[in-house]
Amino acid sequence: MRRTGTTRRGALTATGALALGAVLTGCGGGDEAADGGEPAHSGARAADAKTERTLREKAVRDGALLLARYDLVTEAHPATAAGLAPLRAAVREHGKALAPPRAKGAPKADAPPAAPGPVSADPKAAVKELAADERRRADAYAGALLNAGPELARLLASVAAAAAAHAYLLTELAEETAA
């Protein structure tokens, strides 16, 4: 019998959704000089832009792998689909937010990589593996903060926090999942 009303999962999902909304609608600050709108410190900015692009591309690749992993678990264990759907949707939105800007006329990014390895036959274990993947993602994004510029660092911190919340929610979902 399912409970009705507010649950921890519902409260954390709502909190995560609010945090994601705040991240996606956040204001971007400009670092422009007074003379004609040219960026200040353009040499350092070029190196920073390359580092930022690399960080963003890696984050998008990691997110695509995680999305594929969510799909594999959902496909292997359809009973988990309802619990995984909102978390998967948030991971997809994180990928969109982290994607590096494309130049006009540039081709779309390559197809997402294939998901790593098979999924556990036990639904509880499969969801726990997803929780571990989310924890690794949170740790990776937190580590990337050291090399990111201020705006990207704020975004990475928000996504790392969301990934940590996902790990918690997935651990709770695993406990509720019947073997």
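Helices here are DSSP runs of at least four residues, numbered from the N terminus. Read that way, the elements of the protein run α-α-α-α-α from the N terminus on. The model is a predicted one, and its secondary structure amounts to five helices and zero strands. Of the 179 residues in the protein, 29% are buried. The exposed surface comes to about 10,900 Å², with 59% of it supplied by carbon and sulfur atoms. As for how the chain folds back on itself, take the contacts between residues at least 6 apart in sequence: 80% of them join residues at least 24 apart.

Helix H4 covers residues 123-144, and its axis comes within 8 Å of the axis of H5, the two crossing at roughly 165 degrees. An angle over 145 degrees counts as roughly antiparallel, so H4 is roughly antiparallel to H5. The crossing of this pair is left-handed. On the H4 side, the residues that meet H5 include Lys-124, Val-127, Lys-128, Leu-130, Ala-131, Glu-134, Arg-135 and Arg-137, along with Ala-138, Tyr-141, Ala-142 and Ala-144. Sorted by class, the contact of H4 with H5 holds 16 nonpolar, two polar and six charged residues.

H5 also packs on H3. Helix H3 (residues 81-98) and helix H5 (residues 150-176) sit with their axes 11 Å apart, at an angle of about 165 degrees. H3 and H5 are therefore roughly antiparallel as well, and their crossing is left-handed. From H3, the contact takes in Gly-83, Leu-84, Leu-87, Ala-90, Val-91, His-94, Ala-97 and Leu-98. Their partners in H5 are Leu-152, Leu-155, Leu-156, Val-159, Ala-162, His-166, Leu-169, Leu-170 and Leu-173. The contact of H3 with H5 is made up of 14 nonpolar and three polar residues, with no charged ones.

That leaves H3 and H4, whose axes are 13 Å apart and meet at an angle of about 25 degrees. Since angles under 35 degrees count as roughly parallel, H3 is roughly parallel to H4. Here too the crossing is left-handed. The residues involved are Leu-84, Val-91, His-94 and Leu-98 in H3, which meet Leu-130, Glu-134, Arg-137 and Tyr-141 in H4. By class, the contact of H3 with H4 splits into five nonpolar, one polar and two charged residues.

Glu-175 lies in helix H5 and is partly exposed, with a relative accessible area of 48%. That value falls between the 20% cut-off for buried and the 50% cut-off for exposed. Glu-175 and Ala-125 are 50 residues apart along the chain, yet their C-alpha atoms are separated by 9.7 Å.

Arg-136 is another residue of helix H4. At 52% relative accessibility, Arg-136 counts as exposed, because exposed means over 50%. The C-alpha atoms of Arg-136 and Ala-160 are 9.5 Å from each other, with the two residues 24 apart along the chain.

Thr-80 sits in the loop between helix H2 (42-76) and H3. With a relative accessibility of 4%, Thr-80 counts as buried, because buried means under 20%. Not counting residues up to four places away in sequence, Thr-80 touches Val-73, Thr-74, Pro-123, Val-127 and Thr-177.

Lys-58, finally, is placed in helix H2. Its relative accessible area of 42% makes Lys-58 partly exposed. The C-alpha atoms of Lys-58 and Leu-98 are separated by 9.5 Å, while the residues are 40 apart along the chain. Leu-98 is one of the H3 residues that meet H5, and Leu-98 is also listed in the contact of H3 with H4.

Notes: Residues are numbered from 1 along each chain as its sequence is written. This is a predicted model: local features need pLDDT of at least 70, side-chain atom pairs count only at pLDDT 80 or more; totals for chains, interfaces and linings use all residues. Side-chain values use heavy atoms; hydrogens and water are left out. Buried means under 20% relative accessible area, exposed over 50%, partly exposed in between (1.4 Å probe, protein chains only). Contact means heavy atoms within 4.5 Å. Accessible areas come from the Shrake-Rupley method with a 1.4 Å probe; for residues, only the protein chains shown count as cover. Axes are lines fitted to C-alpha atoms, for helices over the stretch in contact, and angles run from 0 to 180 degrees between N-to-C directions. Angles under 35 degrees count as roughly parallel, over 145 as roughly antiparallel, 65 to 115 as roughly perpendicular and the rest as oblique. A crossing is left-handed if the near helix is turned anticlockwise from the far one by less than a right angle, and right-handed if clockwise. Ala, Val, Leu, Ile, Met, Phe, Trp, Tyr, Cys and Pro count as nonpolar, Asp, Glu, Lys and Arg as charged, and the others, Gly among them, as polar.
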